Amino acid sequence: MESANQDINLNSPNKGLLSDAMTDVPVDSAAAARTSAPEGLTLAEEEELRSELAKVEEEIGTLRQVLAAKERHCGELKRKLGLTPLDGLKQNLSKSWHDVQVSNAYVKTSEKLGEWNDKVTQSDLYLSASSTLEDWNEKLTQSEAYKKTQETLSQAGQKTSAALSNVGSVISRKLGDMSSYSIRHSISMPAMRNSATFKSFEDRVGTIKSRVVGSRENSTEGLHSPSGAGDKPPQDNAPF
């Protein structure tokens, strides 16, 4: 007892160490891991159930491995066929929607909605509202305001169509006039240049040009000639 008190004491140099009496106690790991059997089961039945559980877990692991191998093989086949994940998603959605349509819940819901629709359309309130709306529609279409509005819209549409047609014809005529003018102009220019009047006017212009150039040359020669310099009177530089 004193040795145990010494080990528990925090000031003891042997704190944290097990005593010799505690280390000598054997520990059965299998007995510690084994849980107590449920009530109503014998040890033989418990062992049989544990054995069956181990077999089932082993089969589940094998099936998972087979499923993973099948998924890899399926992915390789889709890749070779050029199928993308989007195609697979579309196919899955289509199949899911088909499954929903053929399900009992969807069929029952459709039947219920059809019955409700029949009841609503055959009810007195619905028939009264429909007849009232038909009367209002008939009165509206037969009213003078509606007829005038319809006639006004029809006349506006006709006027718009006529205006657009006139604009198109004017544009076409202008384009035709411009093309004919350009053709006549291109044809008339060579003929006008070869006419006698144009040649006479061109000769006169050439004569005037030659006279002007000749007079300029003569005036230039007169300024630079020595005779012209001798005719100039001497400057009187005598003092007063």
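The accessible surface of the chain comes to about 22300 Å², and 59% of that belongs to carbon and sulfur atoms. Accessible areas come from the Shrake-Rupley method with a 1.4 Å probe; for residues, only the protein chains shown count as cover. This is a predicted model, in which local features need pLDDT of at least 70 and side-chain atom pairs count only at pLDDT 80 or more, while totals for chains, interfaces and linings use all residues. Residues are numbered from 1 along each chain as its sequence is written, and side-chain values use heavy atoms, with hydrogens and water left out.

**Overall build**

The chain has 240 residues, of which 1% count as buried. Buried means under 20% relative accessible area, exposed means over 50%, and partly exposed lies in between (1.4 Å probe, protein chains only). The chain holds ten helices and zero strands. Here helices (H or I, at least four residues) and strands (E, at least two) are DSSP runs, numbered from the N terminus. Read from the N terminus, the order is α-α-α-α-α-α-α-α-α-α.

**Helix α4**

Helix α4 covers residues 43-81, which is 39 residues. The expected span of a helix is 1.5 Å times one less than its number of residues. For α4 that gives 57 Å, and its end C-alpha atoms are 57 Å apart, so the two agree. After α4 comes Gly82, with a positive phi near 80°.

**Salt bridges**

Side chains of opposite charge can pair when their charged atoms come close. How many salt bridges does the structure hold? There are two. A salt bridge is a side-chain nitrogen of Lys or Arg within 4 Å of a carboxyl oxygen of Asp or Glu.

| Salt bridge | N to O distance |
|---|---|
| Arg50 and Glu46 | 3.1 Å |
| Lys95 and Asp99 | 3.3 Å |

Arg50 and Glu46 both sit in helix α4, four residues apart, about one turn of the helix. Lys95 and Asp99 are also four residues apart, in helix α5, so about one helical turn separates them. An α-helix has 3.6 residues a turn, so residues three or four places apart point the same way.

Is Glu46 buried or exposed? Glu46 is buried, because its relative accessible area is 8%.

**A nonpolar patch and an aromatic pair**

Which residues form the nonpolar patch on the surface? They are Trp97, Val100, Tyr106 and Val107, with about 340 Å² of accessible area together. Patches are made of residues with over 30% relative accessible area and no salt bridge; like charges are joined within 9 Å, and nonpolar side chains (Val, Leu, Ile, Met, Phe, Trp, Tyr) within 5 Å. Helices α5 (85-101) and α6 (104-121) each supply at least two residues of the patch. Val107 is found in α6 and is partly exposed, at 35% relative accessible area.

A search of the whole structure finds one aromatic pair. The rings of Trp97 and Tyr106 have centres 5.9 Å apart and planes at 75°, so the pair is edge-to-face. Rings of Phe, Tyr and Trp (its six-membered ring) pair if their centres lie within 6.5 Å; planes under 30 degrees apart count as stacked, over 60 as edge-to-face and the rest as tilted. Trp97 is partly exposed, with a relative accessible area of 47%. Tyr106 is partly exposed too, at 31%.
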